[in-house]
Amino acid sequence: MSQAVRPAQHEAPPRAPAETVFEARGLTKIYRTGDIEVRALDGLDLELYAGELVVLLGPSGSGKSTLLNILGGLDAATFGVCRFRGRS
């Protein structure tokens with residue numbers, strides 16, 4: 001009777017916690033034109049870690065560029081906190 005051969009089980013070595021590069025809490029960005037108010041971001045919470053690969057995907061008008069502009073320091077959030085390596 002033959003027995004099935006199982007592949008060897010290898011455990012990954014323990015890793016040090018990755019450094020938080022970007023942290024956002026409650027990010028909200030509101031654009032106002034007269035009586036019209038558009039919430040490009042509405043209470044976004046986010047953590048991005050060193051060495052992490054992230055894809056930002058969504059339909060047109062969903063706030064992707066707004067988020068990148070705030071993370072890059074090109075724009076400011078209406079409300080909320082954005083930190084880069086622990087600094088606001």
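Me: Is F84 buried, exposed or partly exposed?
Reply: In this predicted model, F84 is partly exposed, since its relative accessible area is 41%, and that value falls between the 20% under which a residue is buried and the 50% over which a residue is exposed.

Me: How many aromatic pairs are there?
Reply: The count comes to one aromatic pair, and its members are F22 and F84, whose ring centres are 5.1 Å apart.

Me: What kind of pair is that, and why?
Reply: The planes of the F22 and F84 rings stand at 50° to one another, so the pair is tilted; planes under 30 degrees apart would count as stacked and those over 60 as edge-to-face.

Me: Which parts of the chain does the pair tie together?
Reply: F22 sits in strand β1, while F84 belongs to strand β3, which covers residues 79–84, so the pair links parts that are 62 residues apart in sequence.

Me: Which residues make up the largest nonpolar core?
Reply: There are ten of them, namely V21, F22, A24, L27, L41, L48, L67, I70, L71 and C82. The elements that contribute two or more residues to this core are β1, β2 and α1, and the largest share, four residues, is from β1. In general terms, nonpolar side chains in soluble globular proteins tend to be buried together.

Me: Take L71 from that list: what does it touch?
Reply: Leaving out residues up to four places away in sequence, L71 touches F22, L46, L48 and C82. Of these, F22, L48 and C82 are also listed, with L71, in the largest nonpolar core.

Me: Changing topic, where does A40 lie, and is it buried or exposed?
Reply: A40 lies in strand β2, which runs over residues 36–49, and it counts as buried because its relative accessibility is 14%, where buried means under 20%.

Me: What is A40 in contact with?
Reply: Apart from neighbours within four places in sequence, A40 is in contact with K29, Y31, S62, G63 and T66. The C-alpha atoms of A40 and T28 are separated by 7.4 Å, and these two residues are twelve apart along the chain.

Me: What about T66, where is its place?
Reply: T66 is in helix α1, residues 64–71, and with a relative accessibility of 10% it counts as buried. Residues up to four places away aside, T66 touches K29, Y31, A40 and L41.

Me: Which residues form a nonpolar patch on the surface?
Reply: Y31, I36 and V38 form such a patch, and together they have about 280 Å² of accessible area. V38 is found in strand β2 and counts as partly exposed, at 44% relative accessibility.

Me: One last thing, what is the phi of R85 like?
Reply: R85 has a positive phi, about 50°, although it is not a glycine. R85 is placed in the segment after β3, and at 45% relative accessibility it counts as partly exposed.

Methods. Residues numbered from 1 in each chain as written. Predicted model: local features only at pLDDT ≥ 70, side-chain atom pairs only at ≥ 80, totals over all residues. Heavy atoms only, no water. Buried < 20%, exposed > 50% of the residue type's maximum accessible area, 1.4 Å probe, protein only. Contact = heavy atoms within 4.5 Å. Core = buried A, V, L, I, M, F, W, Y, C linked by side-chain atoms within 4.5 Å. Patch = residues over 30% accessible without salt bridge, like charges linked within 9 Å, V, L, I, M, F, W, Y side chains within 5 Å. Areas by Shrake-Rupley, 256 points an atom, 1.4 Å probe, with all protein chains shown as cover. Salt bridge = Lys/Arg side-chain N within 4 Å of Asp/Glu carboxyl O. Phe/Tyr/Trp six-rings, centres within 6.5 Å; stacked < 30°, edge-to-face > 60°.
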